[in-house]
Amino acid sequence: MSDVDFEAEQYEKCREAGEILAQVRDEAAERVEVGVSHLEVAEWAEDKIRELGGEPAFPVNISIDEEAAHATPERDDDTTFGEEMVNLDIGVHVDGWLADTAVTVDLSGQDELAAASAEALDAALEVAGPGVDVGQIGAAVEDVIEGYGFNPVVNLTGHGLGHWEQHTAPNIPNREVAQGATLSPGDVVAIEPFATDGRGKVKEGSSEEIFALEREGNIRDRTARQVLDQVTEEFKTLPFAARWLDSPRSKMALRRLKQQDMVHGYPVLKEEDGKFVSQKEHTVIVTDDGVEVTTRSR
């Protein structure tokens, strides 16, 4: 028998974060149209999260075509959507308790690729539950995506969600693995299949607009110190966007903080062959008899 108290405050806050996130994801997806600005959609979503009583758990990711993760607009970015595959990955926290979700908005005519990751997520949710080896979830994802004639992205995984921690154990693979962690009642995990018409691996690109605190410490440069103070106070250990920083010289300050190993960056991840990537993600609480999806549309 499980002794997890699913009515405990932490789970209530996870549910609240998920409810906010489901609404914001659906409304943000409706705003993605050819000619609309990336920055406008990202800032609308981040502002709406705050308006509904949450905080962004990380900057809104807007990944285009071969981009799989970690792309977010710069300050004053004027990039607009074209006839492209658009992945929106959005997170919310309530007092550090998290929810994470993603959806592909396809403007490129690649309906089957978008459907592959969406159906793979449905299959994963059917399998997931207490006592389930995460390798079984990966097998379900792989089976659906390969059934569409595509490949899962094998070096990206789903993940646990902790308190003020966006990525914790267990990792949830997107392919069959021999043996992995076993899910337990009370686990909060994000399951996120990625499908591609490429070979199924991503690599780091050169651009970097998302960062996170590595460690606190003393730094002599005044601007870098001001940025570090803002990061530790507002974002703690969660990822943040360079455009969220108050300092007009934030890029220089971030360079100095990186040199001192006080912050680390998240380079944009791209499919190695330059092929399209689709994504679908939900957050779940593992219950005694299955999973509760916190980010499902209400």
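At what angle do the axes of α1 and helix α2 (residues 38-51) cross, and within what distance do they come? Select both helices to begin: their axes come within 10 Å and cross at roughly 155 degrees, where axes are lines fitted to C-alpha atoms, for helices over the stretch in contact, and angles run from 0 to 180 degrees between N-to-C directions. α1 and α2 are therefore roughly antiparallel to each other, a term used for angles over 145 degrees.

Before going further, note that this is a predicted model, in which local features need pLDDT of at least 70 and side-chain atom pairs count only at pLDDT 80 or more, while totals for chains, interfaces and linings use all residues. Residues are numbered from 1 along each chain as its sequence is written, and side-chain values use heavy atoms, with hydrogens and water left out.

Now show the side chains between the two helices: Ile-20, Gln-23, Val-24, Glu-27, Ala-28 and Arg-31 of α1 meet Val-41, Trp-44, Ala-45, Lys-48 and Ile-49 of α2, contact meaning heavy atoms within 4.5 Å. The residues of this contact divide into 7 nonpolar, 1 polar and 3 charged.

The open sheet has 5 strands in the order β7-β6-β8-β14-β15, with antiparallel pairing; two strands pair if DSSP finds at least two bridges between them. At its edges lie β7 (165-172) and β15 (291-293), each of which pairs on one side only. Within the sheet, select β8 (residues 188-191) and β14 (residues 282-286), which run antiparallel and are joined by 4 bridges, with Val-188 standing opposite Ile-285 in β14.

Next, select helix α3 (residues 111-127) and helix α4 (residues 134-147), which pack at an angle of about 150 degrees with their axes 8 Å apart. That angle makes α3 roughly antiparallel to α4. Among the residues making the contact are Ala-116, Ala-120 and Val-127 of α3, and Ile-137, Val-141 and Ile-145 of α4; the residues of the contact divide into 10 nonpolar, 1 polar and 1 charged.

Finally, display the C-alpha trace of the protein chain, which spans about 50 × 50 × 35 Å along its principal axes. The secondary structure comes to 6 helices and 15 strands, these being DSSP runs numbered from the N terminus (helices H or I, at least four residues; strands E, at least two).

Conventions
Angles under 35 degrees count as roughly parallel, over 145 as roughly antiparallel, 65 to 115 as roughly perpendicular and the rest as oblique. Ala, Val, Leu, Ile, Met, Phe, Trp, Tyr, Cys and Pro count as nonpolar, Asp, Glu, Lys and Arg as charged, and the others, Gly among them, as polar.
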